[in-house]
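Biologist: I'm new to this one, could you walk me through it?
Modeller: Gladly, here it is.

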Amino acid sequence: MGIVAGLDSSSAFTRIVVCDSETGAVLRQGYAPHPQQPADTDPYETDPQSWLLSLGEAAGGGILEGVQAIGVSAQQRALLPLDAQGALVRPALVGNDKRAQVAAADLVERLGGRAAWAEAVGSVPQHTQPLAKLAWLARTEPDAARRVAVLMQPHDWLVWQLLGRPARRTTDRGGASGTGWWSAATGSYRPDLVELALGHRAVLPEVLGPADAAGTTPEGLLISAGTGETMAAALGLGVGPGDAVVSLGASGSVMAVHHEALAEPGGLITSLADASGMHLPVVNVSNAVRALRGTADMLGTDLEGLSELALKSTPGAHGLVLLPYLEGERTPYLPHTAGTLAGLRRDSMKPEHLARAAFEGMLCGLADALDVLRTRGVAIRRVFLLGAAAGLPAVQAAAPGLFGTQVVVPQPADYAALGAARQAAWALGVAQGALAPHTPPVWPAAAAQVLDPDEDLPAWQAVRQQYVATRESIHPGAFAVQQHPQ
């Protein structure tokens with residue numbers, strides 16, 4: 001069919017991959033960091049022109065020569081408030097901006113509680129969401145808020161810029177589902193929730209289908225719908241029904257491809273849409289690698305050293321169980337709790353057993369999140385494990401047994417950019433009549449290490465049972481819906 005490009009504009013840089021649209025083979029790559037902002041700039045505010053500058057630099061040297069279609073992936077958890085003329089009323093609000101925590105809590109109360117939000121849009125407001133950022137803007141900068149006429153996210157805005165700022169503004173299902181004002185279950189906006197946060201309604205982008213094109217540039221370059229980084233990475237990895245993705249950052253997330261939108265009255269599930277036409281329910285945990293780093297600091301080592309120590313112990317950590325709720329916890333919903341180390345005996349008080357308990361506690365916490373999806377009917381036959389910590393030997397030794405399924409550790413690659421390129425190939429193929437609008441192009445699976453549960457599976461199941469028993473003893477009924485504040 002031709003040559004396509006995927007553009008990923010993250011919080012720090014722009015990456016571009018140029019691919020053969022039929023085989024997915026990477027032909028060329030480009031990279032550029034976003035320009036540094038002045039030292040006195042708030043880290044959670046940015047001028048989006050910096051994204052265009054790094055895009056231009058990444059595309060230099062003829063990277064896009066011969067390209068027929070471009071897909072755009074971009075950072076999520078960001079809000080671009082525009083006036084009626086399309087100009088920003090203030091810098092874009094991005095990232096894990098905790099200034100919006102009070103605004104998020106106020107939104108939860110004003111609609112009638114967590115269950116009301118889960119029913120309305122499949123998620124409960126968090127300070128990272130565009131909706132909460134919008135409510136913060138209305139509370140703290142009312143003059144700017146009154147000028148807001150149009151709301152966009154980074155990938156919407158970049159697509160709009162690439163097309164020359166047309167009157168038509170677009171987004172996709174994936175991006176829209178993370179805003180807090182679009183429901184993946186109904187496929188429709190809730191403009192009343194925008195009004196609840198902002199004080200008045202605003203123009204929202206048209207939501208395109210997965211294989212739709214946002215438009216064509218005057219030069220004839222097709223621009224696909226674009227999507228958020230999470231959805232683009234899932235498309236780039238090639239995950240499908242039966243697959244879950246566990247992401248190991250300081251906090252963690254578990255998401256799975258599913259045929260329908262899911263919600264949970266307590267708000268444990270965030271109901272997102274993916275970039276293929278399916279759904280992407282997500283369960284977040286507050287503590288993942290931060291539990292490993294905290295333990296490593298306590299033992300005077302680093303993550304690699306902690307992994308080596310852990311492997312000197314045995315499954316079960318000689319009776320130690322760590323509930324890794326160091327920053328409170330979202331899954332189960334225990335926002336004000338602390339971590340717990342249980343099972344201390346004289347013979348278990350050794351560095352290697354504490355190290356092993358840290359890895360087992362982190363992975364059992366993520367297994368809890370997987371079980372939230374399983375209990376809602378999500379089939380999970382394999383788990384893709386992402387993040388730098390996924391390569392640690394102690395993680396790889398324990399994850400298949402504690403998750404109870406095959407674990408796939410993909411080789412590092414620009415999966416969000418690859419997903420954006422695959423979306424571009426899909427839109428191009430549909431435009432040319434070569435592909436169906438309901439089936440993305442088949443590209444080779446990501447190169448990966450595959451780990452299967454071994455003969456020690458019964459021992460790992462016992463470790464998991466001990467973790468659950470400890471959790472229930474200290475936090476009885478933590479996963480019961482009635483325990484969540486409504």
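Modeller: One term first: accessible areas come from the Shrake-Rupley method with a 1.4 Å probe. On that basis the protein exposes about 19100 Å², and carbon and sulfur atoms supply 52% of it. Please keep in mind that this is a predicted model.

Biologist: Okay, and how many helices and strands does the protein come to?
Modeller: The secondary structure comprises 15 helices and 24 strands.

Biologist: What does the C-alpha trace span along its principal axes?
Modeller: The trace spans about 75 × 50 × 45 Å along those axes. The radius of gyration is 23 Å, which agrees with the value near 23 Å that a compact globule of 486 residues would have.

Biologist: And what share of the residues counts as buried?
Modeller: Of the 486 residues, 56% count as buried. As for how the chain meets itself, if you take the contacts between residues at least 6 apart in sequence, 72% of them join residues at least 24 apart.

Biologist: Switching to charges, how many salt bridges does the structure hold?
Modeller: The structure holds 19 salt bridges. One of them pairs Asp106 with Arg110, where the closest N and O atoms are 3.4 Å apart. These two residues are four apart in helix 2 (residues 101–111), which means that about one helical turn separates them.

Biologist: Why do Asp106 and Arg110 count as partly exposed?
Modeller: Asp106 counts as partly exposed because its relative accessibility is 24%, and Arg110 does so because its relative accessible area is 46%; the class in question runs between 20% and 50%.

Biologist: Which side chain does Glu206 meet in a salt bridge?
Modeller: Glu206 meets the side chain of Arg168, at 2.9 Å from N to O. This pair links distant parts of the chain, since Glu206 is in strand 12 (residues 206–208) while Arg168 is in the loop between helix 6 (154–162) and strand 9 (170–172), 38 residues apart. Glu206 is partly exposed, with a relative accessible area of 38%, and Arg168 is likewise partly exposed, at 39% relative accessibility.

Biologist: What about Arg382, which residue is its salt-bridge partner?
Modeller: Arg382 forms its salt bridge with Asp243, and the closest N and O atoms are 2.6 Å apart. Arg382 lies in strand 22 (residues 382–386) and Asp243 in strand 16 (residues 243–248), so the pair ties together parts that are 139 residues apart in sequence.

Biologist: Is Asp243 buried or exposed?
Modeller: Asp243 counts as buried because its relative accessibility is 5%, whereas Arg382, at 29%, counts as partly exposed. Elsewhere, salt bridges that share partners join Asp42, Glu45, Arg90, Asp97, Arg99 and Glu141 into one network.

Biologist: New topic, where is Ser123, and what does its side chain contact?
Modeller: Ser123 sits in the loop between helix 3 (114–121) and helix 4 (130–140), and its side chain makes a polar contact with the side chain of Gln129 at 3.3 Å. Leaving aside residues up to four places away in sequence, Ser123 touches Trp117, Ala118, Gln129, Ile269 and Thr270. Ser123 counts as buried because its relative accessibility is 3%.

Biologist: Last one, which residues make the nonpolar surface patch of about 280 Å²?
Modeller: That patch is made by Leu341, Leu344 and Met349. Leu344 is found in the loop between strand 21 (340–342) and helix 12 (351–374), and Leu344 counts as partly exposed, at 49% relative accessibility.

Notes
Residues numbered from 1 in each chain as written. Predicted model: local features only at pLDDT ≥ 70, side-chain atom pairs only at ≥ 80, totals over all residues. Heavy atoms only, no water. Patch = residues over 30% accessible without salt bridge, like charges linked within 9 Å, V, L, I, M, F, W, Y side chains within 5 Å. Salt bridge = Lys/Arg side-chain N within 4 Å of Asp/Glu carboxyl O. Buried < 20%, exposed > 50% of the residue type's maximum accessible area, 1.4 Å probe, protein only. Polar contact = N/O pair within 3.5 Å; in protein donor to acceptor, adjacent residues only side chain to side chain. Contact = heavy atoms within 4.5 Å. Rg over C-alpha atoms; globule rule 2.2 N^0.38 Å.
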